[in-house]
Amino acid sequence: MKQAVTKPSFHEYSELVRTEIDQALLDYTDFSAGCPSRLREAIRHSLMAPGKRLRPLLVLMSAEACGCQRSQAMPAACAVEMIHTYSLIHDDLPAMDDDDMRRGQPSCHVAFGQATAILAGDGLLTYAFEVLAVHLQPPHLAARCCAQLASAAGVTAMVGGQQDDLEATAGAPTTEAQLLRIHDRKTGSMFRVSLRMGATVADACPETLDQLDTYGKKLGLAFQIIDDLLDVQGETQTLGKHAGKDVQQGKLTFPKLFGVDESRRRASELIQASIDAIDGLGEPARHLEALAQYVVERNR
Ligand code: GRG
């Protein structure tokens, strides 16, 4: 008798891929004997902590949606998670957001001291590009991914967005347009580059890149709105970081600007628009659709 073959649920699939990502991150951060053990420990403390792995999932799902094997895109997936983790380590420092808890455990500087935390961030930032340049094949696509990631993490995108955010938090009233610009650069750029690198490894056509870019733009904004809502409505233990921080710091957030219900409505609308943007990619993109749903329904 013929057995019915059931496809894994999105939850099963994403857990499997998270396991693959974690194993690759562990393998990459073995480092040679030249890396001081305390520095390796600090890097792994932050990198291997239970993050959601959203950005590497986007890289791998984008590659698959464009017809490529996950394994080929794994160096890009790990590189973006390294950059993301470095940004979290530096953002948590007393000179920035001053957070003592991240991913459900003490922040890197609380566990290892500020100097080692700064170096752990520096190490991850540098190593991300080494991983891309050395492990991603073929070399001309590795070069393309290096340029894309450097630009998305740099002064005109993520780092620039962080500077704008610091200045906004420092006092001057923030408008809706400024808020959108900050989040597009600070958060959205890393979502979009994750999708772009996945598609680049798969050598996708410009039309597909555009569709994925629109998906990433809408998804990144929806993610940020939900992040702001979780700060108001979420619980510290589930979030793995302190809830209520935005209110405490007097930050302009989406719920402050639009209220809770309208913010949630906007997030749902953005998620639907993100799913519509990749409609043309068909069945291979179904995991990206499910990921978008997860982003709006998540509780951490
Ligand atoms: C260069 C220092 C520096 C900062 C750049 C990305 C960033 C700006 C700072 C990180 C802090 C932050 C709160 C950014 C907003 C985006 C965000 C909510 C990040 C947390 O991402 P998640 O929820 O985290 O995907 P996990 O831990 O699940 O990976």
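These legends describe close-up views of a predicted model. Local features need pLDDT of at least 70, side-chain atom pairs count only at pLDDT 80 or more, and totals for chains, interfaces and linings use all residues. Residues are numbered from 1 along each chain as its sequence is written, and side-chain values use heavy atoms, with hydrogens and water left out.

View 1. The ligand is surrounded by 19 residues. Lys52, Arg55, His84, Asp91 and Arg103 are the closest. By class, the shell holds 6 nonpolar, 7 polar and 6 charged residues. Here Ala, Val, Leu, Ile, Met, Phe, Trp, Tyr, Cys and Pro count as nonpolar, Asp, Glu, Lys and Arg as charged, and the others, Gly among them, as polar.

View 2. A polar contact is a pair of N or O atoms within 3.5 Å. A side-chain N or O atom of lysine 52 lies 2.6 Å from a ligand oxygen. For histidine 84, the distance from a side-chain N or O atom to a ligand oxygen is 2.8 Å. Arginine 103 also places a side-chain N or O atom 2.8 Å from an oxygen of the ligand. On its own, the ligand has 710 Å² of accessible area, and the protein covers 93% of this. Accessible areas come from the Shrake-Rupley method with a 1.4 Å probe. Two or more shell residues come from each of H4, helix H8 (158-169), helix H9 (176-201) and helix H10 (206-233). H4 gives the most, with 6 residues. Helices (H or I, at least four residues) and strands (E, at least two) are DSSP runs, numbered from the N terminus.

**View 3. The cavity.** The whole structure has 1 cavity of 30 Å³ or more. A cavity is a set of points, on a 1 Å grid over the protein atoms alone, where a 1.4 Å probe fits but cannot get out; lining residues have an atom within 4 Å of a point. Grid points are joined across faces, edges and corners, and the volume is the space filled by probe spheres set on the points. The largest cavity holds about 80 Å³. Its lining includes Ser46, Thr85, Asp92, Arg102, Arg103 and Gln105. Helix H4 (70-92) and strand E2 (105-106) are the elements that give two or more residues to this lining. The largest share, 4 residues, comes from H4. By class, the lining has 5 nonpolar, 4 polar and 3 charged residues.

**View 4. Two long-range pairs.** Glutamine 105 is found in strand E2. With a relative accessible area of 22%, glutamine 105 is partly exposed. Buried means under 20%, exposed over 50%, and partly exposed in between (1.4 Å probe, protein chains only). Glutamine 105 and alanine 42 are 63 residues apart in sequence, and their C-alpha atoms are 12 Å apart. Alanine 277 sits in helix H14 (residues 260-277). Alanine 277 is buried, at 17%. From alanine 277 to tyrosine 215 the C-alpha distance is 5.5 Å, across 62 residues of sequence.

**View 5. Backbone details in loops.** A cis peptide bond links glutamine 137 to proline 138, with omega about -5°. Proline 138 lies in the loop between helix H6 (114-135) and helix H7 (139-153). Phenylalanine 31 is not a glycine, yet has a positive phi of about 60°. Its loop runs between helix H1 (10-28) and helix H2 (37-47). Aspartate 203, also not a glycine, has a positive phi of about 55°. Aspartate 203 is placed in the loop between H9 and H10.

How values were computed: 1 Å grid on protein atoms, 1.4 Å probe; cavity = no way out; pocket = protein on both sides within 12 Å on 5 of 7 lines; lining within 4 Å. Near = heavy atom within 4 Å. Polar contact = N/O pair within 3.5 Å; in protein donor to acceptor, adjacent residues only side chain to side chain.
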